[in-house]
Amino acid sequence: MAVVMAFVIGGLFAAGIYMMLRRSVVKLLIGLALLTQSVNLLIFDAAQLVRARIPIVPEGGHSLIPPYADPLPQAFILTAIVISFGVTSFAVALAYRALRTTGTDDLDRIGETERS
Amino acid sequence: MKDLLLVLPVMIPMSTGILTLLAWRRRRLQRGLSLAGAAGLVAAGVALFAEVSGRGILSSQIGGWPAPFGITFVADLFSAVMVLVAGLVGFTVALYSLASIDPILENFGYHPLYHFLLMGVSGAFLTGDLFNLYVWFEVMLVSSFVLMALGGGRRRTDGAVKYVTLNLLSSTLFLVALGILYGLAGTLNMADLAGKFAQASASQPVGVLRMLPMLFLIAFGIKAAAFPLFFWLPASYHTPPIAISALFAGLLTKVGVYALIRVFSLIFVGDTAYTHTLILVIAGLTMVTGVFGAISQNEFRRILSFHIVSQIGYMIMGLGLGTPLGLAAAVFYIAHHIVVKTNLFLISGVVQRLGGTLELGKLGGLYAARPLLAGLFLVPALSLAGVPPLSGFFAKLGLVQAGVADGRYLIVAVSLAVSLLTLYSMTKIWNEAFWKKAPEAGGGAAAAAGAGIRTPLVPIALLAVVTVLVGLAAGPVFGVAERAGAQLARPAGYIEAVLGGGNR
């Protein structure tokens, strides 16, 4: 499972970076979204994938018996999802604004006319 | 009491931000609140500094959960100094924006965003947990994104797109590094990591162990605008309104430097021959590329933006040396740089108002028209270049001493040469904007637009006085920096304060 996840994460990263290198603002946004998703998966994977071992201290015991599914990375991911949601929606609004003020979504041409 | 002191630098900007949101579109009320909140942040910074200076490192566990599990706030001398300087800059720029900011931007929420940005900055300085550091970075970045894009216009939108993209990329890399670090060590509390990373690294191949510091170096390097990751900074810092770019220039990259210093003096200290040598190389290249970039520019704010990059090199040089004296000099340098750089950006705002432009070729004659302004420009400009007896001289002296003591003559030579080039580009601004005769067209405009520059001069003078005072009282101030450097170089005290004391 970890190997499959590694390939999924790597593929998502590659796709995200490829999209970010394109000149269109919209593709840049898609690239950013892909990147944030792949990072979430990476955090999930880096803390080991454990099935059906809930992190609850058994009755009468004092500590968890490993292996158990670590809940902390999932809390990290939740926070990261919320943050990336907010940031991505801001980036979409900015891209829309850029399109409205400049009439283009080509990154190389957004700042162009004012210089010439 | 100490818990309150630690949270106040976050609480005050947060409450100010919320209050100014409630006072939406009531500009006079917002301005009063904004100024009061910024003054409160200064007071909280002074109180925190006095406490940390007198009683050593403070730590607080929010909600009473013990250290590696709960939310930790820590202030050592370095954090306290940073909060204090951030408060000072926050206050002066708030004062400056009263006179300069466009009322339209105020109606779009300038004041709430300003204080949420300050909240993120103080939070980043005070947190004791790497994941919380990420969250504070995001708080700071989201506010800065909106401030950067506020008001629109083609140039500003262009700058904002670059700024947003690269900073998001850096946050993503930071998160990657956090995920892998957690997988390796099982904790993200910085003090806890200091021990656990060394333990965990014993059983790992050297490739993994070198990859992690490099991920952090790249993530924070983008934020700090270090070589070769600085290109977003000169591409965007000259576009927003002056007050906003002055605040960004003073504070934001320095939060990246702060994070670098914290992580590389506390956690990644096992392999210094590799990491810290690399940091020194980056420091040298950052200085040189930054200053050459500045020399090639002919616009006031673009020159200053490239100088931010060049100065970041000096701060990282202190970290790369890694000795107590080097770290002390880095702390001193950061504090000095924040004050001086903010001041130069504020002055560029007044120059823009007087001359109607920031293109050096079209400016001129400002010394004849405004001798006071010219004098106020000279203080931070000479301080930036490192002319005694101003603060920059002692910052550079400390770095040079630390470098010589460590036998790193090459980086010392580079830093001295870059100082000379800095002086050269400061004299270029002086000659072009202040000394040479005003060009025909600009002269009339300068005289006509002269009204109403007295108010912005108050914060500029305030920061100039701070620069001079730091220079005159360099002994005691450097003493504080030395204590901060000693705390950073020997993190046992920090770890003890977080894990040992507190609520246990």
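Which residue in strand 2 of chain B is the bridge partner of Ile62(B)? In this predicted model, the partner is Ile71(B). The pairing belongs to an antiparallel arrangement in which strand 1 (residues 58-62) and strand 2 of chain B are joined by five bridges.

Helix 3 of chain B comprises residues 77-100. Its 24 residues, at 1.5 Å a residue, should span 34 Å, and the computed separation of its end C-alpha atoms is 34 Å, so expectation and model agree. The helix is mostly covered, with 22 of the 24 residues classed as buried.

The surroundings of Phe125(B) were examined next. This residue is located in helix 5 of chain B, which extends over residues 110-126. Is Phe125(B) buried or exposed? It counts as buried because 29 C-beta neighbours are found inside 10 Å, where the cut-off for burial is 20 or more. When neighbours within four places in sequence are set aside, the contacts of Phe125(B) are Ser79(B), Met82(B), Val83(B), Ala86(B) and Tyr258(B).

The largest nonpolar core contains 219 residues. The members that touch the most other members are Val81(B), Val85(B), Leu178(B), Leu260(B), Ile316(B), Val331(B) and Phe332(B). Helix 14 of chain B (residues 324-355) gives the most to this core, contributing 20 residues. For Val81(B), excluding residues up to four places away in sequence, the contacts are Phe49(B), Val331(B), Ala335(B), Val480(B) and Ala484(B).

The contact between the two chains draws 24 residues from chain B and 29 residues from chain A. On the side of chain B that touches chain A, helix 6 (130-149) and helix 7 (154-185) of chain B each supply at least two residues. The largest share of that side, 16 residues, is provided by helix 7 of chain B. Its composition by class is 13 nonpolar, seven polar and four charged residues.

Chain A itself contains five helices and zero strands, and its elements follow the order α-α-α-α-α from the N terminus. For its 116 residues the globule rule gives 13 Å, whereas the radius of gyration is 20 Å, well over that value; chain A is therefore more spread out than a compact globule. Along the principal axes, the C-alpha atoms of chain A fill a box of roughly 75 × 25 × 20 Å. Buried residues account for 27% of the 116 residues in chain A. Of the contacts in chain A between residues at least 6 apart in sequence, 54% join residues at least 24 apart.

Terms used: Residues numbered from 1 in each chain as written. Chains lettered and ligands numbered in written order. Predicted model: local features only at pLDDT ≥ 70, side-chain atom pairs only at ≥ 80, totals over all residues. Helix = DSSP H or I, 4+ residues; strand = E, 2+ residues; numbered from the N terminus. Buried ≥ 20, exposed ≤ 12 C-beta atoms within 10 Å, placed from the backbone. Contact = placed C-beta atoms within 7 Å. Core = buried A, V, L, I, M, F, W, Y, C linked by C-beta atoms within 7 Å. Pairing = 2+ DSSP bridges. Nonpolar A, V, L, I, M, F, W, Y, C, P; charged D, E, K, R; others polar. Rg over C-alpha atoms; globule rule 2.2 N^0.38 Å. Expected span 1.5 Å × (residues − 1).
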